[in-house]
Amino acid sequence: DNTTLKQSQKKKILFQPSLQLLYNIGPRWTLSGTWFYYNQNPDLNTLYSGFIIQNYRTLSRYDNKLSDSYGNTGSLKLLYKEIMKFLFASIEFNYSQYNNEVIYAQQFEGSVLKTTLIEVNNSGDFLSVTGRLSKGFDWKKLLFTIDGSWNKGNTPQLRQGTLIEYVNRGGN
């Protein structure tokens, strides 16, 4: 359909904008952030329709098609530092979101792993929060550090011909 083709061509951004932020709130506080938008085409491995030896046990063959993948990634970090007291703290938020025009399904045909693409729009995202607290002492150069993180991701996967949403969560 020519209408669909024209609409998909209009959506494409041919550059990858990014943004960086660094702001000193005061002598002890710093706020930094990054954001960028990306779009990418498949790599040579997925465009090559012949057989590729992945490792000593896997021979792969892709059904190839030129497709687009795009998304954005951003992070925001708040940092506290009290240098004379050897005290440091930070909290960081990271977020990634992506959209694909195709999804890959894998199927074994004997000893050959056939990777097939299926034209279905899909998207996923990932969020993580990381915190850190460090306190140093002059005595014997002692340092105590506490790290913690939490993350959540939504990833579409193709399982036995059905598109499912895989949700993962974790904490450290």
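Patches are built from residues with over 30% relative accessible area and no salt bridge, joining like charges within 9 Å and nonpolar side chains (Val, Leu, Ile, Met, Phe, Trp, Tyr) within 5 Å. A salt bridge is a Lys or Arg side-chain nitrogen within 4 Å of an Asp or Glu carboxyl oxygen.

This is a predicted model, where local features need pLDDT of at least 70 and side-chain atom pairs pLDDT 80 or more, while totals for chains, interfaces and linings use all residues. Residues count from 1 along each chain as its sequence is written, and side-chain values use heavy atoms, without hydrogens or water.

**Whole chain.** Show the protein chain as a cartoon. Two helices and nine strands make up its secondary structure (DSSP runs numbered from the N terminus: helices H or I of at least four residues, strands E of at least two). From the N terminus the order is α-β-β-α-β-β-β-β-β-β-β.

**Nonpolar patch.** Select Leu 21, Tyr 23, Ile 25, Trp 29, Leu 76, Ile 91 and Phe 93. Together they form a nonpolar surface patch of about 650 Å² (Shrake-Rupley areas, 1.4 Å probe; for residues, only the protein chains shown count as cover). Strands β1 (18-24) and β6 (87-109) each give two or more residues to the patch.

**Ile 25.** Zoom in on the loop between β1 and β2 (29-40), which holds Ile 25. Ile 25 counts as partly exposed because its relative accessibility is 46% (buried is under 20%, exposed over 50%, partly exposed in between; 1.4 Å probe, protein chains only).

**Glu 82.** Now go to strand β5 (residues 69-82), where Glu 82 lies. Glu 82 has 11% relative accessibility, so it counts as buried. Beyond neighbours within four places in sequence, Glu 82 contacts Arg 28 and Leu 87 (heavy atoms within 4.5 Å).
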